[in-house]
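Please view the sequence and the model together.

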Amino acid sequence: MRFPRAANDPKHLVAGDLSALEPKKIVPIGLALLILGGWAFFDSFSNVGYGPTQPIPFSHKLHAGTNKIPCLYCHSNAERSRHATVPAMTVCMNCHSVVKTDSPYIQKVTKYYQAGTPLPWIRVHREPDYVYFSHQWHIARGFACQKCHGEVQNMDVIRQSKDLKMGFCISCHRQNKAPTDCNTCHV
Ligand code: HEC
Ligand code: HEC
Ligand code: HEC
Ligand code: HEC
Ligand code: HEC
C-alpha cells in the first residue's frame, strides 16, 4: 500500500515539524489520515473477487471444465518461467481454425490472429513490483494452480479468489519448510 506522494511531500509536512502547525491545520490533516487509513483498510482485501470484463467472453468453465483442456496446454510458461502468461493466438487457432468458426467471437479471435496481434486481455492477478514470485518453482513442487487461483475450471469469468498477500505466502512457506527470510520475496 503506497500513500499518494502529496501526503508526505516535504512542501506540506516535514517529519518532526508538527509543532509548527497551528491546531486549525491539524484537524484537516487528521481527517485526511483517517480517510487514507480507511482506504488502506479496504485496499487490503479489495482485490479478492476482482474479475474484469474481457475483450471477448472466454470461459474457463467451458474450456478447462466441460472440455477438460489441461491448464498447462494454454499456460505452459508456468512450468518454465516466472510468469504463467496468457496463451498466444496460435494456441486458440489450434482448435478454432475449425471449431465454432461461425461464432462472432471466434471471428474476432481469427481477425487478431491474422493481424498478428494479441487480444488485449485485462490482467487480473498482480503482485506489487517489490515482490518476487515465480510460477516455475511452485509448479515444480507439484502445487495445483487451484491452491492459489481457486476453482478456475468452474469459472465462466476469471476472478481472483485468494488475496495473495504476504500472510498467504508465508503460511504456506512455513507449512512446507520453504524459506521465510524477507529477502526470499523482497530484493
Ligand atoms: C483444445 C481446443 C481448444 C482451444 C485450444 C481453444 N478452444 Fe475455444 N472452444 C473449444 C471448444 C470445444 C468450444 C465449444 C464449442 C461448441 O460450443 O461447440 C470452444 C468455445 C469457445 C468460445 C465460445 C464461442 C461461442 O460463440 O459459443 C470462445 C469465445 C472461445 N472458445 C475462445 C477461445 C480462445 C480465445 C482460445 C485461445 C485462448 C480458445 N478458445 C482455445 C475448444 C478450444
Ligand atoms: C484454452 C486455453 C486455456 C485453458 C485450457 C486455461 N486457460 Fe487460463 N486463461 C486463458 C486465457 C485466454 C486467459 C485470459 C482471459 C481471461 O482472463 O479470461 C486466461 C487467464 C487465466 C488467469 C488469469 C490471468 C490474470 O490476468 O491474472 C488464470 C489465473 C488462469 N487463466 C488460470 C488457469 C487455470 C488454473 C487453468 C486450468 C484449470 C486454465 N487457466 C486453463 C486460457 C486458458
Ligand atoms: C503458489 C501460488 C500460485 C500457484 C500454485 C499458481 N499461481 Fe498463478 N499467480 C500467482 C501469483 C502470486 C500471481 C501474480 C504474479 C505477479 O504479479 O507477478 C499469479 C499470476 C498468474 C497469471 C497472470 C500473470 C502471469 O504471471 O502470467 C496467470 C495466467 C496464472 N497465474 C496462471 C496460473 C496457472 C495456469 C497455474 C497452474 C499451472 C498457476 N497460475 C499456479 C500465484 C500462483
Ligand atoms: C501452496 C504453498 C505456497 C504458496 C501459497 C506460496 N509458496 Fe512460495 N514456495 C513454496 C515452496 C514449498 C517453495 C520451495 C520450492 C522449492 O523446493 O524450491 C517455495 C519457493 C518460493 C520462492 C523461492 C525460494 C528460494 O529461494 O528457494 C519464492 C521467492 C517464493 N516461493 C515466493 C512466494 C510468494 C511471493 C508467494 C505468495 C504470492 C508464495 N511463494 C506462495 C510454497 C508456496
Ligand atoms: C513468501 C514471500 C514473502 C516473504 C518471505 C516476506 N514477504 Fe513481505 N510481502 C510479500 C507479498 C506477496 C507482499 C505484497 C502483498 C501484501 O501487501 O501483503 C508483501 C508486502 C510487504 C510489505 C508491504 C505491506 C503493505 O501493507 O503495504 C512489507 C513492508 C513487507 N512485505 C515486509 C516484509 C518483511 C519485513 C519480511 C521479513 C520478515 C517479509 N516481508 C517477508 C511476500 C513476502
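K100 is exposed because 11 other C-beta atoms lie within 10 Å of its own (exposed means 12 or fewer such atoms, buried 20 or more, and partly exposed in between, with C-beta atoms placed from the backbone). This is a predicted model, in which local features need pLDDT of at least 70, side-chain atom pairs count only at pLDDT 80 or more, and totals for chains, interfaces and linings use all residues. Residues are numbered from 1 along each chain as its sequence is written, while chains are lettered from A and ligands numbered from 1 in the order in which they are written.

**Confidence**

- The mean pLDDT of the chain is 84, and 75% of its residues reach 70 or more; pLDDT is the predictor's confidence in each residue, from 0 to 100.

**Overall fold**

- The chain has 9 helices and 0 strands; helices (H or I, at least four residues) and strands (E, at least two) are DSSP runs, numbered from the N terminus.
- Of the 187 residues in the chain, 4% are buried.
- Among contacts with a separation of 6 or more, 65% join residues 24 or more positions apart.

**Positive phi values**

- Most residues other than glycine have a negative phi.
- K100, in the loop between α4 (89–96) and α5, has a positive phi near 60 degrees.
- K68 sits in the loop between α2 (60–66) and α3, and its phi is positive at about 50 degrees although it is not a glycine.
- K68 counts as exposed because it has 9 C-beta neighbours inside 10 Å.
- K177, which follows α8, has a positive phi near 55 degrees.

**P104**

- P104 belongs to helix α5 (residues 104–115).
- P104 is exposed, since 8 other C-beta atoms lie within 10 Å.
- The C-alpha atoms of P104 and I56 are 9.8 Å apart, while the two residues are 48 apart in sequence.

**Around ligand 3**

- There are 21 residues around ligand 3, and H75, H83, A84, C145 and C148 come nearest (a residue is near a molecule if its C-beta atom, placed from the backbone, lies within 6 Å of it).
- At least two residues of this shell come from each of α3 (71–74), α6 (135–140) and α7 (146–149).
- The shell around ligand 3 holds 11 nonpolar, 7 polar and 3 charged residues; Ala, Val, Leu, Ile, Met, Phe, Trp, Tyr, Cys and Pro count as nonpolar, Asp, Glu, Lys and Arg as charged, and the others, Gly among them, as polar.

**Around ligand 5**

- Ligand 5 has 14 residues around it, of which K165, M166, C169, C182 and C185 come nearest.
- Helices α8 (166–175) and α9 (182–185) are the elements that give two or more residues to this shell.
- The largest share, 4 residues, comes from α8.
- By class, the residues around ligand 5 are 8 nonpolar, 4 polar and 2 charged.
- Helix α8 lies largely in the open because 0 of its 10 residues are buried.

How values were computed
Contact = placed C-beta atoms within 7 Å.
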